Amino acid sequence: MLYLASQSPRRRELLAQIGEAHRILEVDVEEIRRPGESPDAYVSRVALDKARAGFAQVMGETDAKVLGADTEVVLDDEVFGKPRDAADAAAMLGRLASREHRVLSAVWLVEAAGARQAVSVSTVRFAPLSERAIAAYVATGECFGKAGAYAIQGAAATFVEHLSGSYSGVMGLPLFETFQLLHGQ
């Protein structure tokens with residue numbers, strides 16, 4: 001049985017999109033970047049921590065596999081997590097406007113036989129954004145609970161001038177890499 005160690009509705013939808021039956025596990029993992037930890041190492045560690053925490057809940061089940069994922073927006077070397085409030089969201093979006101940033105999405109599969117990882121790195125360039133456009137987007141509430149304060153699958157799609165990489169990875173679960181991981185390819 002495949003388990004997803006995530007409460008993200010997007011990740012559930014994306015797994016269903018590729019026909020992967022799964023159950024949800026609730027895990028509580030601290031998502032704080034350690035001093036000196038690179039953004040890439042941070043995203044990978046958090047995804048692995050989620051998968052391991054989930055596996056600890058089901059390790060007694062035969063053939064249990066747990067998928068853990070983490071996705072973060074990175075501008076230069078700064079990780080943009082989920083915004084604390086509307087002002088934080090507006091500040092993030094203002095800094096991303098007219099700039100290129102990376103979206104790192106790490107996925108770990110943990111099972112009795114061990115653990116394997118896949119990583120997707122996408123580059124996103126935002127168009128210039130007016131304060132009015134940012135305020136209108138923040139007012140929708142869509143920015144909350146999203147790394148970098150935006151959901152590419154929502155109204156923020158209009159901000160994206162260019163995307164190189166994985167659209168589903170920017171959403172939160174890179175489907176190509178996840179499928180390869182699940183099927184040992």
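This is a predicted model: local features need pLDDT of at least 70, side-chain atom pairs count only at pLDDT 80 or more; totals for chains, interfaces and linings use all residues.
Local features were kept at pLDDT of at least 70 and side-chain atom pairs only at pLDDT 80 or more, while totals for chains, interfaces and linings use all residues. Numbering starts from 1 along each chain as its sequence is written, and side-chain values use heavy atoms, with hydrogens and water left out.

Strands and helices here are DSSP runs numbered from the N terminus (E, at least two residues, for strands; H or I, at least four, for helices), and two strands pair if DSSP finds at least two bridges between them. Strand β5 (residues 100–111) runs antiparallel to β6 (residues 114–126), with 12 bridges between them. A hairpin of 2 residues takes β5 into β6, and S105 sits opposite S120 of β6. On to β7 (residues 160–164): it is joined to β6 by 4 bridges, again antiparallel, and V124 has L163 in β7 as its bridge partner.

A pocket is an open set of points on a 1 Å grid over the protein atoms alone where a 1.4 Å probe fits, with protein on both sides within 12 Å along at least five of seven lines; lining residues have an atom within 4 Å of a point. Volume is the space filled by probe spheres set on the points, which are joined across faces, edges and corners. The largest pocket holds about 480 Å³. Its lining counts 31 residues, with S8, R10, R11, K50 and K82 closest to the centre. β3 (65–75) is one of the elements supplying at least two lining residues, and gives the most, 5.
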